[in-house]
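Colleague: I would like to learn how to read a few local features of a model, taking them one at a time. Could you give the general idea first and then the case at hand?

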Amino acid sequence: MSHSERPPRSGTARRTIPIVPEPASLYEAQKKIYPRSIRGVFARWRWLMVWVTQLVFYGLPWLEWGQRQMVLFDLGARRFYLFGLVLYPQDFIYLTGLLIVSALALFLFTAVAGRLWCGFACPQTVYTEIFLWIEHRIEGDRSARLRLDNGGLTFEKLWKKTAKQGVWIAVSLWTGFTFVGYFVPIRQLGVEVIALQGGWQIFWVLFYGLATYGNAGFLREQVCKYMCPYARFQSAMFDKDTLIVTYDAQRGETRGPRSKTAAPAPGQGDCIDCSLCVQVCPVGIDIRDGLLYECIGCGLCVDACNTVMDKVDLPRGLIRYATPNGMEGRWSTSQMLRRVMRPRVLVYTAVLLGLSVAMLTSMAMRTPLKVDVVRDRAALSRIVAGGKLENIYRLQIMNATEAPQRYSLAARGIAGLEVASDTEVDIDAAQARWVVVRLRIPYGTVQPGSHVVHFDVEALGGIPARVAEKAIFLVPR
Ligand code: SF4
Ligand code: SF4
């Protein structure tokens with residue numbers, strides 16, 4: 001509506017006075033959120049996940065496997081070291097499989113219990129939690145932080161803000177350093193950073209550190225609300241049997257303050273409208289407004305409300321994990337859990353299990369040897385001394401084990417075919433080598449045209465490995 005009309009006063013000439021409304025702003029200024037800290041089951045789970053994920057993230061690059069880093073994505077050498085495995089670009093199928101398994105696991109967990117990933121394990125959530133904890137330790141809880149931010153510049157404010165920023169920057173830089181340590185051997189990276197060598201490495205440490213500092217220190221819930229695509233398509237994965245954090249409006253309304261001792265007013269519900277559930281929410285929403293896309297399912301409002309219910313001697317669970325069907329039908333927890341195994345969840349589980357088993361089996365049976373054959377384009381086919389016809393090939397042999405290996409080379413497919421170059425080749429641990437191989441047949445023994453031959457490459461000693469690769473032997477007219 002662009003205009004509205006004011007009705008004429010009685011007795012006056014009929015005329016309209018246009019009222020032009022204020023133009024609506026499409027931009028909502030960010031309101032800083034000061035989440036109150038809370039104790040409870042979900043808060044403990046969140047911290048457990050912070051510890052588990054961060055112990056793995058910060059610790060893994062420092063662990064060794066034999067003579068090398070246990071997990072290293074060496075992009076320069078195009079080799080990925082994963083515990084006992086050495087993966088080459090040719091093994092990218094496993095990475096694809098891993099991504100599909102991760103996506104399916106996300107679908108499964110979301111169908112069962114909503115945004116578990118967002119609330120408990122997403123790096124944005126985890127780092128925001130760590131940064132909030134630092135803020136809390138230095139500046140105090142919600143009311144102290146509000147007082148500090150709303151007050152003037154004092155010595156206390158100055159030192160607290162400086163200390164907080166200092167610790168945030170240190171954590172961010174260490175996070176950036178650790179992240180780059182997954183791509184460059186971390187001990188070597190440490191030496192380079194201290195000596196201010198390796199410009200690109202230092203750039204990426206600073207870049208990732210800055211991303212952590214900005215996202216966890218300042219953007220926080222804005223990332224979840226406006227930047228993360230997952231929040232947008234989550235509703236497609238929910239159904240009426242998905243467990244989500246829900247406010248029991250039937251029990252809670254009509255909300256209002258009440259005394260612990262006096263009987264509630266007629267029609268009064270259990271919600272005492274204390275707003276604690278809103279104060280603890282890291283995205284600053286009110287769960288009593290219903291399911292909102294901003295809700296990351298962290299459960300902190302459940303902890304907050306349970307604390308309040310304990311204080312006013314009312315049963316816990318005014319805010320709880322429940323399914324829309326369960327809430328509507330007033331089902332018990334076991335009734336709701338029985339609906340978890342619905343067809344959709346069973347399909348996700350079956351596909352996830354099938355894919356995981358297929359991937360693990362394929363990795364366990366993987367041959368630690370790779371061979372690529374390329375024809376020598378300079379000399380397709382030629383007659384050499386001794387009346388032989390020769391074709392030349394280049395074989396790339398990759399030793400995917402962690403020990404030097406000797407391989408035998410043989411060829412088959414045409415009568416009288418022989419290898420006229422070295423039939424044994426040594427390759428260092430986790431290295432690849434190009435080898436020139438000459439195949440010969442007696443001239444005139446085979447019809448002109450293209451003939452299929454096979455190279456057989458086999459490990460001599462060490463881990464057994466054998467690969468047969470097809471090639472074409474050309475016989476000119
Ligand atoms: S509404 Fe509750 S579950 Fe949702 S984000 Fe806020 S505190 Fe977490
Ligand atoms: S914490 Fe519980 S009682 Fe307090 S406002 Fe929220 S829902 Fe109502």
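Colleague: Where in the chain is aspartate 91 found?

Modeller: Helices (H or I, at least four residues) and strands (E, at least two) are DSSP runs numbered from the N terminus, and aspartate 91 is found in the loop between β7 (85–87) and α2 (92–113). This is a predicted model, in which local features need pLDDT of at least 70 and side-chain atom pairs count only at pLDDT 80 or more, while totals for chains, interfaces and linings use all residues. Residues are numbered from 1 along each chain as its sequence is written, chains are lettered from A and ligands numbered from 1 in the order in which they are written, and side-chain values use heavy atoms, with hydrogens and water left out.

Colleague: Is aspartate 91 buried or exposed?

Modeller: Buried means under 20% relative accessible area, exposed over 50%, and partly exposed in between (1.4 Å probe, protein chains only); aspartate 91 has 6% relative accessibility and therefore counts as buried.

Colleague: Which side chain is joined to that of aspartate 91 by a polar contact, and which residues does aspartate 91 touch?

Modeller: A polar contact is a pair of N or O atoms within 3.5 Å; within protein, one must be able to donate a hydrogen and the other to accept it, and residues adjacent in sequence count only if both atoms are side-chain atoms. Here the partner of aspartate 91 is the side chain of arginine 366, at 3.1 Å. Contact in general means heavy atoms within 4.5 Å, and, not counting residues up to four places away in sequence, aspartate 91 touches Val86, Arg366 and Lys370.

Colleague: How does arginine 342 read by those criteria?

Modeller: Arginine 342, found in the loop between α15 (333–338) and α16 (343–364), is buried, with a relative accessible area of 8%. Its side chain makes a polar contact of 2.9 Å with that of aspartate 239, and, leaving aside neighbours within four places in sequence, arginine 342 is in contact with Ala111, Val112, Asp239, Asp241 and Thr242. The C-alpha atoms of arginine 342 and aspartate 241 are separated by 8.5 Å, although the two residues lie 101 residues apart along the chain.

Colleague: In what order do the four strands form the open sheet?

Modeller: Two strands pair if DSSP finds at least two bridges between them; the order here is β15-β13-β17-β18, with antiparallel pairing. Strands β15 (424–427) and β18 (466–475) are the edges, each pairing on one side only. Strand β13 (residues 405–412) pairs with β15 over four bridges, and arginine 406 stands opposite aspartate 426 in β15.
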